[in-house]
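My notes are below, in the order I made them.

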Amino acid sequence: MHKLYFFAKKDLQNTERVLEKVLISENLVLNHAIQELLKAGGKRIRPLLVLICGYFSQKVPKNLSEVAATLEMIHMSSLVHDDVIDAAPVRRGVPTVYAQYGTKTSMYCGDFIFGRAIMLLSSIRNIHLDCILAKTIKAVCLGEIDQIRDKYDFDQSFRTYLRRIKRKTAILLSASCEMGACAAGASADIVWHVKMFGYYLGMSYQIIDDILDFTGDERTIGKPAGDDLRQGNITLPVLYALKYCPELSEEICSVSEDMPKAKLQPILEKICKSGGIEYAYQVSDSYYKLARAQWEFLPDGSAKDALWFIAQKIRKRNK
């Protein structure tokens, strides 16, 4: 772990212990599926943001790791449900719960994780945190429904795409920052600035993720290249290519879920050459700069340094 957020290392380890404890089930199938999810790990960006923002206060609360675990469980639950919707065979390079256990078990596994997250947060007895999470879950659900509605909609606008990734990704990162600062009793100004920092960072983060669907390899992104487009998720590079290279429209609109890799690959290469990747990086960088502007208002110290280190790591991912 990098020295800039070394101070949060113990809290992050404790968060992992909370996850392991809270997600134990007496049902053997459910317990095995969840243990596989925990072993698969992840970047743990959301709990890290909670923990770091909890240090923008004079007194860090004892239950900060529980708040961090709650946000990670909400994220985990959404991924399990996503994999069912997308019929995804792998995530992070390992078989998904869906691939191993099928639709019904996967859906109930996601619901179980979601329920445990709500139970954990309610034990803290902080109604303000409950309200933030409720609003966040509402937005995430809307984002997921938007994504289903917009599948293979090649006529959607840039604004539709940005609203979708706001609800799907940015809101949860924003809530992670906000809930960490709120749990610690940080000032209203700090809470606002970390909340907006998380939102802008989340927008930048998701756009980078969408770029990596074209430029990353399977080992890096944990799924086949071009999988988003194959699944009908129309991202910023695709929208740019459709608008500014109309000669590609027929080929792009022919993409389907069962399109073989050999036929899909030339289309991905043409989208990359259209200027869509460069444009998407520009939009991502604009959100990154907005995050930086919010970050400037935060008080100097280890927490501030750690937040910016995370922002830099996101920006530089395979760029």
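These entries cover ring pairs, charges over rings, a pocket and salt bridges.

**Ground rules.** I am working with a predicted model, in which local features need pLDDT of at least 70 and side-chain atom pairs count only at pLDDT 80 or more, while totals for chains, interfaces and linings use all residues. Residues are numbered from 1 along each chain as its sequence is written, and side-chain values use heavy atoms, with hydrogens and water left out.

**Entry 1: aromatic pairs.** I looked up ring pairs (rings of Phe, Tyr and Trp, the last by its six-membered ring, with centres within 6.5 Å; planes under 30 degrees apart are stacked, over 60 edge-to-face, the rest tilted). I counted seven aromatic pairs by this rule. I noted that Trp295 and Trp308 have ring centres 5.1 Å apart and planes at 35 degrees, so I wrote this pair down as tilted. Trp295 belongs to helix H14 (residues 276–296) and Trp308 to helix H15 (residues 302–316), so the pair ties together parts 13 residues apart in sequence. Helices here are DSSP runs (H or I, at least four residues), numbered from the N terminus.

I then checked burial (buried is under 20% relative accessible area, exposed over 50%, partly exposed in between, with a 1.4 Å probe and protein chains only). Trp295 is buried, at 9% relative accessible area. Trp308 also counts as buried, at 9% relative accessibility. Elsewhere I found one aromatic cluster formed by Phe158, Tyr240, Tyr244 and Tyr279.

**Entry 2: charges over rings.** The test is NZ of Lys or CZ of Arg within 6 Å of the ring centre and within 35 degrees of the ring normal. Lys304 has its charged end over the ring of Trp295, 4.6 Å from the centre of that ring. Lys243 has its charged end over the ring of Phe158, 5.6 Å from the ring centre.

**Entry 3: the second largest pocket.** A pocket is an open set of points on a 1 Å grid over the protein atoms alone, where a 1.4 Å probe fits, with protein on both sides within 12 Å along at least five of seven lines; lining residues have an atom within 4 Å of a point. I read off about 300 Å³ of space for the second largest pocket. Its lining has 13 residues, and those closest to its centre are Ile132, Lys135, Thr136, Glu178 and Lys195. Helices H6 (127–150), H7 (158–183) and H8 (188–215) each give two or more residues to this lining. H6 gives the most, with six residues.

Entry 4: Side chains of opposite charge can pair when their charged atoms come close. The whole structure has 15 salt bridges.

Glu36 is partly exposed at 28%, and Lys39 is exposed at 64%.

Which residues join Arg149 in one network? Arg149 bridges to Asp146, with the closest N and O atoms 3.4 Å apart. These two are three residues apart in helix H6, about one helical turn. Arg149 also bridges to Asp150, at 2.8 Å. Asp146 is buried at 6%, and Asp150 is buried at 4%. Through shared partners, salt bridges join Asp146, Arg149, Asp150, Arg164 and Arg167 into one network.

Definitions and conventions. Grid points are joined across faces, edges and corners, and a volume is the space filled by probe spheres set on the points. A salt bridge is a side-chain nitrogen of Lys or Arg within 4 Å of a carboxyl oxygen of Asp or Glu.
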